[in-house]
Amino acid sequence: MFKLFQKNNFLDELWKNFQILFNLNSQKNASIEILSKSGILISTHNNNEFTNNIKINVKKILNEGDASTETIVDLVEDSSDMHWLTLEDNNIFDLLSSCYTAINALNSNGSLPNILALVIKLEYINFDSQKSIVNLIYRTDMKTFYPFIPLSKNPKSRDSDLENSFAKFLRKNNVKIESSTKSWLGVWGIPF
């Protein structure tokens with residue numbers, strides 16, 4: 001038997017988390033600064049018409065109409081079966097809105113399983129006033145965020161202490177963070 005109505009709250013939760021991040025970014029003496037470029041890692045397995053022309057389709061959705069943004073959309077090949085849809089916008093609200101819209105469009109066009117991760121790059125100023133670049137990862141399969149802070153290109157070299165500290169900061173501010181650190185998979189080779 002099929003369900004006539006299926007409520008999909010993950011998009012509502014995602015937008016709520018984006019609003020929290022934006023508000024944290026906008027505070028005076030903010031602890032985070034969202035940087036102007038984000039990306040979505042997409043698998044080409046199970047391609048459909050929408051994902052086959054992802055750059056054109058997302059660019060059209062974002063840059064046409066009354067609610068359009070000036071977000072720059074690009075496609076970067078990662079491997080033979082994966083690519084990055086990069087989004088760049090100096091207006092951070094528009095950047096987050098564009099990330100949300102791109103994920104919503106992929107979901108609406110049957111491509112949610114193709115999304116491996118959304119990466120929001122930001123700068124974190126910790127309690128010691130030290131600045132660190134953090135990749136905030138959102139996995140659509142888990143519907144949660146987690147921090148990823150590589151120390152080098154070596155796949156085993158991560159700043160776990162800072163990742164945990166940053167996750168604690170986000171949890172305190174009600175961002176939905178993945179509870180199992182074993183699920184905090186590294187996303188190596190981020191092209192931005």
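Q: Which residues are buried in α5?
A: In α5, the buried residues are L162, E163, F166, A167, F169 and L170. Buried means under 20% relative accessible area, exposed over 50%, and partly exposed in between (1.4 Å probe, protein chains only). Helices (H or I, at least four residues) and strands (E, at least two) are DSSP runs, numbered from the N terminus.

Q: Why do they count as being on the same side of α5?
A: Because they cover an arc of only 160° around the axis. The arc is taken from the directions from the helix axis to the C-beta atoms.

Q: What sort of model is this?
A: This is a predicted model, where local features need pLDDT of at least 70 and side-chain atom pairs count only at pLDDT 80 or more, while totals for chains, interfaces and linings use all residues. Residues are numbered from 1 along each chain as its sequence is written, and side-chain values use heavy atoms, with hydrogens and water left out.

Q: Back to α5. What do its buried residues pack against?
A: They pack against α1, β1 (32-43), β4, β5 (131-139) and β6, with contact meaning heavy atoms within 4.5 Å.

Q: And which exposed residues are on the face turned away?
A: D161, K168 and K172 are the exposed residues carried by the face of α5 turned away from its buried side.

Q: What follows α5?
A: N174, with a positive phi near 70°.

Q: New topic: how many aromatic pairs does the structure hold?
A: It holds 12. Rings of Phe, Tyr and Trp (its six-membered ring) pair if their centres lie within 6.5 Å; planes under 30 degrees apart count as stacked, over 60 as edge-to-face and the rest as tilted. One of the pairs is F18 with F145, tilted, at 6.4 Å centre to centre and 55° between the planes.

Q: Where do F18 and F145 lie?
A: F18 is in helix α1 (residues 10-26) and F145 in strand β6 (residues 144-148), so the pair links parts of the chain 127 residues apart. F18 counts as buried at 1% relative accessibility, and F145 does at 0%.

Q: What about Y124 and F169?
A: Also a tilted aromatic pair, 5.6 Å centre to centre with 40° between the planes. Y124 lies in strand β4 (residues 115-125) and F169 in helix α5 (residues 160-172), so the pair ties together parts that are 45 residues apart in sequence.

Q: Which residues do ring pairs link into a cluster?
A: W15, F18, F22, F93, Y100, Y138 and F145.
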